[in-house]
Amino acid sequence: MILTPQVLLDVRIKDESDLGALFELPVLGQIPDLRQNPNKHTYGKYGKSSKYYSYQTEELRNKKDKKEKPQKGGTQQ
Amino acid sequence: MKIGKIGLKAKENSASSKEENKADSLRIDQERKFILGQGSGNFFSREAFNTLRTNISFSLADTEDSKVIMVTSAMQSEGKSITAVNLALTIAETNGGVLLIDCDMRKPKIGRLLQLKSEIGLSNVLLKPSLLRESVFHYNDSVDVILSGNIPPNPSELLASARMQSLLEALRKSYDYIILDTPPVNIVTDAVALSPRTACCLPCVRGRVSAAW
């Protein structure tokens, strides 16, 4: 009951889509919050940075995968 | 009694202004960390400024002269100065000389952000053009800075004057990009007066802070 008017009365611009609805101007750039801690992995939809921006070769990746996978036909004690 | 009361009020005012100054200097210290190349600037903020640089160069592709970019916003504290500084530093990485001018003669910030001090600045150059050489700071190899100078009583008239136009024309010959940090549009008319002399106006909007109306 209290939240609804707060949301309706909020006239702040939240993102690019709000700007597009207000002005017929191109958005040239979107700067992320500069106060954000770069060590924290909070990069929105892209998930953790190490996943998407690592420069590992395919061989290294395959090696890692092999290590993680259990071997077929392995003996169980 | 009246004098006593007034005296008390004056004391209170001075104390509050001191606190405000302290808070302001603290805020500037914090903002200084956001300047790219000062040990901060994570990958994503750098890339965002690179994208901004690319988009600006595309949108100003037809401009033959040196490109004069005006950075402004609707209200204060929306990130004009930090955007202007970072944009100048980012453009300077790929293109030639960049000149950053603090056109905010009412509440100048570039000097405090970049830790530069000078009594000679834009206002002095507009009054006496021979001071131009003395007013230019070499911040790094490819970024030069002109501070706002002494605070004049009529900043908007100075910025709208023919002298400002001739100054920009003279500077265009020696710089590829000129970035103007201007005061907020909704508060004073300085930026509006300057806009006809620029190739591009870059209004800054701070997400979840700037009001739509």
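Predicted model: local features only at pLDDT ≥ 70, side-chain atom pairs only at ≥ 80, totals over all residues.
Residues are numbered from 1 along each chain as its sequence is written, chains are lettered from A in the order in which they are written, and side-chain values use heavy atoms, without hydrogens and water.

**View 1. The second largest pocket is lined by 15 residues.** Pro108(B), Ser118(B), Leu147(B), Ser148(B) and Gly149(B) lie nearest its centre. Helix 4 (residues 110-113) of chain B provides the largest share of the lining, three residues.

**View 2. The largest nonpolar core has 32 residues.** Such a core is a set of buried Ala, Val, Leu, Ile, Met, Phe, Trp, Tyr and Cys residues joined through side-chain atoms within 4.5 Å; buried means under 20% relative accessible area (1.4 Å probe, protein chains only). Ile69(B), Leu100(B) and Ile179(B) have the most contacts inside this core. Helix 3 of chain B gives the most to the core, with eight residues.

**View 3. Leu100(B) is in contact (heavy atoms within 4.5 Å) with residues including Ala84(B), Val85(B), Ala88(B) and Ile179(B), neighbours within four places in sequence left aside.** A second, separate core of 23 residues includes Ile101(B), Cys103(B), Leu159(B) and Leu167(B).

**View 4. Helix 3 of chain B is mostly covered.** Of its 15 residues, 13 are buried. Helices are DSSP runs (H or I, at least four residues), numbered from the N terminus.

Technical notes: 1 Å grid on protein atoms, 1.4 Å probe; cavity = no way out; pocket = protein on both sides within 12 Å on 5 of 7 lines; lining within 4 Å. Helix = DSSP H or I, 4+ residues; strand = E, 2+ residues; numbered from the N terminus. Buried < 20%, exposed > 50% of the residue type's maximum accessible area, 1.4 Å probe, protein only.
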